[in-house]
Structure formats: structure tokens, C-alpha cells
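Please open the model in your viewer and keep the selection tool at hand. The tour below moves from stop to stop, saying what to select and what is there.

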Amino acid sequence: MKLMNTVHYIYRMRYFWLYLARCDLIARYRRSKLGMLWIVMSPVLLTVIMSVVLGSVFKMSIIEYAPYILIGMVAWELFTSSLVTGGGTFLGAYPYIRQFNHPVIIYTLKSAVVYTANFLIASVGIIIWTLFLSPANVLLGLFTLPLTTVLFFFLSWALVTIAAFINTKYRDYPQMMSLLMQALWYVSPVYFQESMFEANQYLLMLFRYNPITHILYLLRKPFLYCQLPVWSDYLFTVGCIVFFGLIAFFLNKKNAKKVIFYL
């Protein structure tokens, strides 16, 4: 019953946290000539650089390799922002937390909305790139994108909530998490394709059973291969949402009323 009351309260306060999300998006690119266009340009330009370098090293076609990297970067940015930048959510919302008795997960919800909005804007680069290289894949990609975005949003919300509670209590969190994400980047299929692991069966197994692989398949299969994601891709994604969601739920239950003292 208490959970339903919280959900209902969050819904009633939707104009408040949506306004905060809007202000956050506007403030981030204030006085910038290109504004939110940087959200699209940044991963595209970095993709060109990375695809030229890695494509030369692994002797792969840059035209085929570049969209693979671009999709990985756009999704990875969402998860990195949720876990690293999202850790400062309560610190940034301190003036509101001090004055209003709202459930603190309203502020992690706001951050998840901002990061998901950035993901959708950055996805424009994926759509444009696919439109030029494989126009037949665009319709299937657009068909699956709404469900993928919803799943990514809930995963982001869970990760931001976890990060915000831990960072509020332990201020070393951003530095440690940045290092951890950098290490995780090297063992995740953000840039590396399955064919690169075929020489080692253990690495290949690690690739295939890595949840990040299946989460990225939600974008890669329709946009790159014109295939619908299979049930295992959704199962791994939903499993991650449930797992991190439960951690976020218990952290909120235990620490929600203590946040003001940690601040």
C-alpha cells in the first residue's frame, strides 16, 4: 500500500520533476552555439575517430564497423551517465530536499529522464547513419526503439538511484566508479565484435553471456542486421532491471530519510 501511495504521489508531482528535467537539459547547453546538437555530434565524431583507429588495428571495414561502435557508444553513455554523473543527483537537489518533503526518488527519476532524453537525441545520429548505409533497417529500428527506450529508462532509473544513495554517503564513489566503468569498458562489447573472440572459447562464452551484449542487441539487431531482438535479449535486459531495481528499492527503503543528514 505504501508503495502504491508513493507511485501515486510521484505521478501527481510529475510537473515538478519534469520541469526540473527540462531545466537540467536547457542549463547543460546554455550559451553553446550548437546546443543539444552536441548530443548527436559528439558520439558521431568520436565514432569516426575510434572506427578509423580500431578498424585499422583489427583490419575491419570502417563503413561496417563504424555503426557498430556508434550504437555501443550511445548506449554506453546512458549507462555511464547513470552510474557516474547520476551519483551527484541528491547533491544537486540539496536545496529542494532541504525545503520539501518529497520522496527523494523523485530526483533520481528526474536524472533518469534527462539521461534517457539524451539517449533519444543521440539516437538521431544512429537513425541518420542507418538511413545512409542500410535504409531498409530504419523502419525496424524505429519500430523497436520505443520499447527499448522504456527498458533503458527503467534501467537508468535503477542505476541512478543506486549511485545517488552510495555517492551521498561515500564521496569517493565518482572516482571509484569512473575507474570501474573504464575497466568494464574493456571487457564489454561496446567496441568489440563477436568475431574478435572466436579464437578463444572462454572469451566467446563471456561475450555471449554478458548482459551488456544482450542489452546492446536491442539496438544493434534491428539497426545493423534488420532483425528483431530475440526473447533472450529482452530477458537479460529485464533481468538487469529487476536486479538493480531491487537493490535500488532496498537502498531507498533504508536510506531515504537519512539523505538529508548525509548532505
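Select Lys110 first: leaving aside its neighbours within four places in sequence, Lys110 is in contact (heavy atoms within 4.5 Å) with Trp17, Leu20, Ala21 and Asp24. Before going on, note that this is a predicted model, in which local features need pLDDT of at least 70 and side-chain atom pairs count only at pLDDT 80 or more, while totals for chains, interfaces and linings use all residues. Residues are numbered from 1 along each chain as its sequence is written, and side-chain values use heavy atoms, with hydrogens and water left out.

Lys110 is found in helix 7, where helices are DSSP runs of H or I with at least four residues, numbered from the N terminus. Lys110 counts as buried because its relative accessibility is 13%, buried meaning under 20% relative accessible area, exposed over 50%, and partly exposed in between (1.4 Å probe, protein chains only). Asp24, at 21% relative accessibility, counts as partly exposed.

**Along helix 7**

Helix 7 is mostly covered, with 21 of its 29 residues buried.

**The second salt bridge**

A search of the whole structure finds two salt bridges, and for the other one select Asp233 and Lys221, whose side chains meet at 2.9 Å, N to O. Here too the pair links distant parts of the chain, Asp233 being in helix 12 (residues 231–255) and Lys221 in helix 11 (residues 211–225), 12 residues apart. Both Asp233 and Lys221 are buried.

**Into the nonpolar core**

Which residues touch the most other members of the largest nonpolar core? Select Phe79, Phe90, Phe152, Tyr191 and Leu219, which do so among its 70 residues; such a core is a set of buried Ala, Val, Leu, Ile, Met, Phe, Trp, Tyr and Cys residues joined through side-chain atoms within 4.5 Å. Elements that give two or more residues to this core include helix 8 (138–169) and helix 9 (173–186). Centre the view on Leu219, which touches Ile71, Ala75, Phe119, Leu145, Thr148 and Phe152, not counting residues up to four places away in sequence.

Next select Leu78, which is found in helix 4 (residues 62–83) and is buried, with a relative accessible area of 3%. Beyond its neighbours within four places in sequence, Leu78 is in contact with Tyr115, Thr116, Phe119, Phe152 and Ser156.

**Out to the surface**

Finally, select Leu46, Val48, Ile49, Val52, Val53 and Ile62, which form a nonpolar patch on the surface with about 460 Å² of accessible area together. Patches are made of residues with over 30% relative accessible area and no salt bridge, like charges being joined within 9 Å and nonpolar side chains (Val, Leu, Ile, Met, Phe, Trp, Tyr) within 5 Å, and accessible areas come from the Shrake-Rupley method with a 1.4 Å probe, for residues with only the protein chains shown as cover. The largest share of this patch, five residues, comes from helix 3 (residues 37–57).

Technical notes. A salt bridge is a side-chain nitrogen of Lys or Arg within 4 Å of a carboxyl oxygen of Asp or Glu.
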